[in-house]
Amino acid sequence: MQGTNKEFKTSALVARLIRDYLKPYFPRILLAFLLMVIAAAMTAAFAKLIEPILDEVLNNKQRHLIWPMASAVFAAFAIRGLATYGHTLLMNKTGHEIIAQIQHELIEKYMSLDLVFFHQNTSGQLSSRIINDVTVMRNAVVDAMTGFGKNLMTLVFLVALMFYQDWVLSLIAFVALPFGAAFVVVISKKIRRVSGNIQGEIGHLSEVLIQIFQGIRQVKAYGQEKFEQKRAGERVDQLKRHAIKAVRLGTLSVPFNEALVGLAIMGVIVYGGFQIADGDMTTGQLMSFIAAFSLAYEPMKKLAKLNNALQMGLGASERVFEILDQQPQVVDQRGAKNVTLKKPDIVFQDVTFGYEDDGYALNGVSFTADKGKVTALVGPSGSGKTTCLNLIPRFYDLQGGSIELGGHDIAKIKLKSLRANIALVSQDITIFDDTVRANIAYGLQKTTEKDVIKAAKAAAAHEFIVDMPDGYDTRLGENGVKLSGGQRQRLSIARAILRNAPILLLDEATSALDNESEKLIQKSLEKFRKGRTVVVIAHRLSTVKDADKIVVLNEGRVVEEGAHDALMKQNDGIYTTMYQAGLKE
Ligand SMILES: Nc1ncnc2c1ncn2[C@@H]1O[C@H](COP(=O)(O)OP(=O)(O)O)[C@@H](O)[C@H]1O
Ligand SMILES: [Mg+2]
């Protein structure tokens, strides 16, 4: 992620999770904790019951205690089962609700961020945050919420029982504990770092895959299957290496802890053995103690393991919070107004802009697109035509100069209002996975069938639409795969026309059309442009020639400006040269 590079502290992360997400669930969590206490108490009760069962029932052969003791054991397990069911359900539900909330927030954040952010981060990385990171968080949150309370509680009860039974034995048993704890602390940091690497690597992998799927035609045409397979395969291997490292770190605690526990039990048996031999302790007491210690070992192990999941989860939350903390750069300025434009002209004044810090895409660009007229932008590829159009709806903010629409500085218009005044057909058209009608009416709440058809007719799209199996109800596949390039362009022009905005921006919107369709659209735009301001980027002579004004760009500067005939008078002008070459970029 670019832009932010802050390291979150564990305590800050946890505090934020609690403050922003856990707080509303406190009553429910409290209830779950209560159930955990009950479940833990039942585990301790079972360990405690071993003493009378061994000493009274089995050793002293007290017949009348057989049924009550056996029933007590059953009751302890039954109650523990019910309490576990209750707290597991409550905590899991809470965990899933919190995670869904975080996903909603991420989506909302993505929608609010501007194009700069989306250029800096690939779609693979961004979707990975919502899907993979949040899944890791979900596991951590759910595991932590169910596992942490339950195991800690069980541990507390069992340890209390052990100290109650014999504090010397307990001290012997727990002398190794600080070493185990120190180990957990050391390993935690490493696990968190590896977790970050794994999540990043998953992002890279999806990035590569998305690229391959989108460009599959090129991959096949250029015979690059093996090359792409290797490229994606390298990411898979890299991911594998990180994942194995995480497992190695996570399991490192096992041999260490086992040895510590073996040592502890050894000490308990030696000390307890001598105590029993001296008659200071009964077999039942020692067995009950060992049972409690063995039962305590399980939650201890789980807590150590839980720590792994928790560290992974914290690593993931760090990445998720990083996104949630991003601020869009293009935002409404203070005092920005809603504006309804009527026949606005578009005035570029000394506009300077660069996508990256190095170099300008536009350098002091000034021109006017007159109201009710068609202005054509022409120039070689990379001269800044698309950039000019991108700046009008404020996809990016200017670095210098100003753009005014009908006398209003675009920086002082509310973004939503500004964009509602503009219909844009961009170079990269997206057809959404929906019906033809919905695609044309995209972004409009209220439209009539009549208007949709009218727009489709104006865009020369009506005929091919009614030829489709379900007409306007035909579903268009992912990214409009069922349509030809020209059909996609006509749909997007219909979409722009239906928007009925006073400003129409067309970025090579007719490049994939045959001459026939282009003429049709040209004609309807002729009618359409009345009362509107149209800026077109085109590389067809016919489109450009008929424009009211032509602005010629070169290397981010306006080099020539005027109507076709005037420009043609400059013999060695860029326009003349381009025109003679057929005006193709
Ligand atoms: N998203 C972007 N990030 C960085 N540079 C860009 C981006 N889009 C365009 N550019 C650069 O800005 C310049 C102008 O591009 P553009 O306006 O797309 O040209 P045209 O539409 O005239 O072909 C080019 O040098 C191009 O490389
Ligand atoms: Mg372009």
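So, one definition before anything else: a residue counts as near a molecule or strand if its C-beta atom, placed from the backbone, lies within 6 Å of it. With that rule, the residues around ligand 1 are His119, Tyr355, Glu356, Ala361, Gly379, Ser381, Gly382, Ser383, Gly384, Lys385, Thr386 and Thr387.

Some housekeeping. This is a predicted model, where local features need pLDDT of at least 70 and side-chain atom pairs count only at pLDDT 80 or more, while totals for chains, interfaces and linings use all residues. Residues are numbered from 1 along each chain as its sequence is written, and chains are lettered from A and ligands numbered from 1 in the order in which they are written.

Back to the ligand. Which helix gives the largest share of the shell around ligand 1? That's H12, residues 385-391, with 3 residues. Helices here are DSSP runs of H or I with at least four residues, strands are E runs with at least two, and both are numbered from the N terminus. By class, the shell has 2 nonpolar, 8 polar and 2 charged residues. Here Ala, Val, Leu, Ile, Met, Phe, Trp, Tyr, Cys and Pro are nonpolar, Asp, Glu, Lys and Arg are charged, and the others, Gly among them, are polar.

Now the domains, with bounds from an automatic or database domain assignment. Domain 1 is 10-324, domain 2 is 344-421 + 501-585, and domain 3 is 431-498. Taken over C-alpha atoms, the centres of domain 1 and domain 2 are 59 Å apart.

Let's do the sheets; two strands pair if DSSP finds at least two bridges between them. There's an open sheet of 6 strands, order E6-E7-E8-E3-E9-E10, with mixed pairing. Strand E6 (422-425) and strand E10 (557-562) are at the edges with a single partner strand each, so one side of each has no neighbour in the sheet. On average the twist is 15° from one strand to the next. E6 and E7 (residues 503-507) run parallel, joined by 4 bridges, and alanine 423 sits opposite leucine 504 in E7. Helix H17 (residues 485-498) packs on this sheet and touches E6 and E7, with its direction at about 175° to that of E6. Axes are lines fitted to C-alpha atoms, for helices over the stretch in contact, and angles run from 0 to 180 degrees between N-to-C directions.

At the other end of that strand order, E9 (residues 549-554) and E10 run antiparallel with 5 bridges. Isoleucine 550 stands opposite glycine 562 in E10. Their hairpin has 2 residues between the strands, and glutamate 555 takes a positive phi near 50° there.

Next, an open sheet of 4 strands, E2-E1-E4-E5, with antiparallel pairing. E2 and E5 (408-409) are its edge strands, each pairing on one side only. E1 (residues 346-353) pairs with E2 (residues 362-369) over 5 bridges; phenylalanine 348 has phenylalanine 367 as its bridge partner, and valine 351 has valine 365. E1 also pairs with E4 (residues 400-405) over 5 bridges, where threonine 352 partners glycine 400.

Last, a helix pair. H1 (residues 10-22) and H11 (residues 283-324) pack at about 70°, axes 11 Å apart. That makes H1 roughly perpendicular to H11, a label for angles of 65 to 115 degrees; under 35 is roughly parallel, over 145 roughly antiparallel, and the rest oblique. Thr10, Leu13, Arg16 and Leu17 of H1 meet Leu314, Ser317, Glu318 and Phe321 of H11, where contact means C-beta atoms, placed from the backbone, within 7 Å. By class, this contact has 4 nonpolar, 2 polar and 2 charged residues.

Key. Two residues are in contact if their C-beta atoms, placed from the backbone, lie within 7 Å.
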